[in-house]
Amino acid sequence: MPRFLTLFSSLLLAAACGAASSAVAGTVKTKIDVFDLIRDGRTEIHLGPAKDLNDPPSEIFRMRDGALHISGRGYGYLATKQSFGDYHLVVEFKWGPNTWGKRKTRARDNGILYHITGPHGALGKTWPACFEANIIQGGMGTFWC
């Protein structure tokens, strides 16, 4: 079964993620909080070979004040180690003030990668084969596969 959730860092994003919210809690058998997966070490960080940016992983993905803060100073993603299926994903996000590197003068860009198959770096030496719900200024919800 493919991996459940991946947040990737190509720009600044402060994300609050969960597999369910109170609005859908009645339809969810088991709630999985992505923050618990991060705190318990059940996620892994994959960074690409982009040469314009690459801070240490601990500086790119940080839990702070009950939210996941993604600096955007590196190209990569945070993935669950465990596979999940038949899920309802709820994501809240807020943009940070800056963009970096080659995107410094461009729209903020991020996304949710899901149903990952195959190895890290299969696409462009950074991304896995997967689907993406794009989170980009001016193109929210664009679907990529």
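The accessible surface of the chain in this predicted model amounts to about 7,900 Å², and carbon and sulfur atoms contribute 54% of that area. Of its 145 residues, 40% count as buried. The chain is built from two helices and ten strands. A search of the whole structure returns four salt bridges and zero disulfides.

**Fold and contacts**

- Read from the N terminus, the order of elements is β-β-α-β-α-β-β-β-β-β-β-β.

**Arg-103, a buried charged residue**

- Arg-103 is located in the loop that connects strand E7 (90-94) with strand E8 (109-117).
- Although buried, Arg-103 takes part in no salt bridge.
- The nearest side chain of opposite charge to Arg-103 is that of Asp-109, at 4.0 Å.
- The side chain of Arg-103 does reach a backbone atom, namely the oxygen of Ala-107, at a distance of 2.8 Å.

**Salt bridge between Arg-73 and Asp-55**

- Arg-73 and Asp-55 are joined through their side chains in a salt bridge, with an N to O distance of 3.1 Å.
- Arg-73 sits in the loop between strand E5 (67-70) and strand E6 (76-80), while Asp-55 sits in the loop between strand E3 (43-47) and helix H2 (57-60), so this pair ties together parts of the chain that are 18 residues apart in sequence.
- Both partners fall in the partly exposed class: Arg-73 has a relative accessibility of 27%, and Asp-55 has a relative accessible area of 22%.

**Salt bridge between Asp-40 and Arg-42**

- A salt bridge links Asp-40 to Arg-42, and the closest N and O atoms of the pair are 3.1 Å apart.
- Asp-40 is exposed, at 52% relative accessible area, whereas Arg-42 is partly exposed, at 33% relative accessibility.

**Salt bridge between Arg-62 and Glu-59**

- The side chains of Arg-62 and Glu-59 form a further salt bridge, for which the N to O distance is 3.9 Å.
- Arg-62 is partly exposed, having a relative accessible area of 37%.
- Glu-59 is likewise partly exposed, with a relative accessible area of 37%.

- Cys-145 is accordingly in no disulfide, and its nearest cysteine sulfur is that of Cys-130.

- Among the four salt bridges found, the one between Arg-73 and Asp-55 connects two loops.

Note on methods:
Residues are numbered from 1 along each chain as its sequence is written. This is a predicted model: local features need pLDDT of at least 70, side-chain atom pairs count only at pLDDT 80 or more; totals for chains, interfaces and linings use all residues. Side-chain values use heavy atoms; hydrogens and water are left out. Helices (H or I, at least four residues) and strands (E, at least two) are DSSP runs, numbered from the N terminus. Buried means under 20% relative accessible area, exposed over 50%, partly exposed in between (1.4 Å probe, protein chains only). Accessible areas come from the Shrake-Rupley method with a 1.4 Å probe; for residues, only the protein chains shown count as cover. Lys and Arg count as positive and Asp and Glu as negative; His and the chain ends are not counted. A polar contact is a pair of N or O atoms within 3.5 Å; within protein, one must be able to donate a hydrogen and the other to accept it, and residues adjacent in sequence count only if both atoms are side-chain atoms. A disulfide is a pair of cysteine sulfur atoms within 2.5 Å.
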